[in-house]
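Please look over the sequence and the model before reading on.

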Amino acid sequence: MIPGLLDHWLAKVGYTRQQTDEPLDPNRLDNLWAPVPWNFGARGPFDRRAKASIPELWFDIHRWSLGAVALCAAAIAGASARRAAAQRSAPWRRLLT
């Protein structure tokens, strides 16, 4: 239900929110029929609102490393819990070690 509502909302407002009321320079070059002579990259009037990096990108790039760390942490926690349960079930074993 939520994805459908979000799609509907984005269809209504997404296009207009990407537009600006600033007039275009009539001598402005565009790449409709031929490439512009220089590389703009991802630059433009919305550049001051852009961010250099976002946490989601960092997590996406390091997902395997984070998964390995989480797996090791789960294994250590499981081993600790198992050892604690074993010590509680047989307190006399502490005397032998």
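Does R63 count as buried, exposed or partly exposed? At 49% relative accessibility, R63 counts as partly exposed, where buried stands for under 20% relative accessible area, exposed for over 50%, and partly exposed for what lies in between, with a 1.4 Å probe and protein chains only.

The model is a predicted one, in which local features need pLDDT of at least 70 and side-chain atom pairs count only at pLDDT 80 or more, while totals for chains, interfaces and linings use all residues. Residues are numbered from 1 along each chain as its sequence is written, and side-chain values use heavy atoms, with hydrogens and water left out.

The chain has 4 helices and 0 strands, and from the N terminus on its elements run α-α-α-α; helices (H or I, at least four residues) and strands (E, at least two) are DSSP runs, numbered from the N terminus. Helix α1 covers residues 2–17, which makes 16 residues, and it reaches 21 Å from its first C-alpha to its last, close to the expected 22 Å, a span taken as 1.5 Å times one less than the number of residues. At A11, α1 bends by about 40°, the bend being the angle between axes fitted to the seven residues ending there and the seven starting there.

Of the 97 residues of the chain, 4% count as buried. The chain exposes about 9800 Å², of which carbon and sulfur atoms supply 63%, with areas from the Shrake-Rupley method and a 1.4 Å probe. On the surface, M1, I2, L5 and L6 form a nonpolar patch with about 500 Å² of accessible area together; patch members have over 30% relative accessible area and no salt bridge, and nonpolar side chains are joined within 5 Å. M1 lies in the segment before α1.

The structure holds 1 aromatic pair. The ring centres of W58 and F59 are 5.3 Å apart and their planes stand at 85°, so the pair is edge-to-face, given that rings pair with centres within 6.5 Å and that planes under 30 degrees apart count as stacked, over 60 as edge-to-face and the rest as tilted.

A search of the whole structure finds 1 salt bridge, that is, a side-chain nitrogen of Lys or Arg within 4 Å of a carboxyl oxygen of Asp or Glu. D60 forms a salt bridge with R63, and the closest N and O atoms are 2.1 Å apart.

| Residue | Relative accessibility | Class |
|---|---|---|
| M1 | 82% | exposed |
| W58 | 43% | partly exposed |
| F59 | 47% | partly exposed |
| D60 | 41% | partly exposed |

Conventions
Phe/Tyr/Trp six-rings, centres within 6.5 Å; stacked < 30°, edge-to-face > 60°. Patch = residues over 30% accessible without salt bridge, like charges linked within 9 Å, V, L, I, M, F, W, Y side chains within 5 Å.
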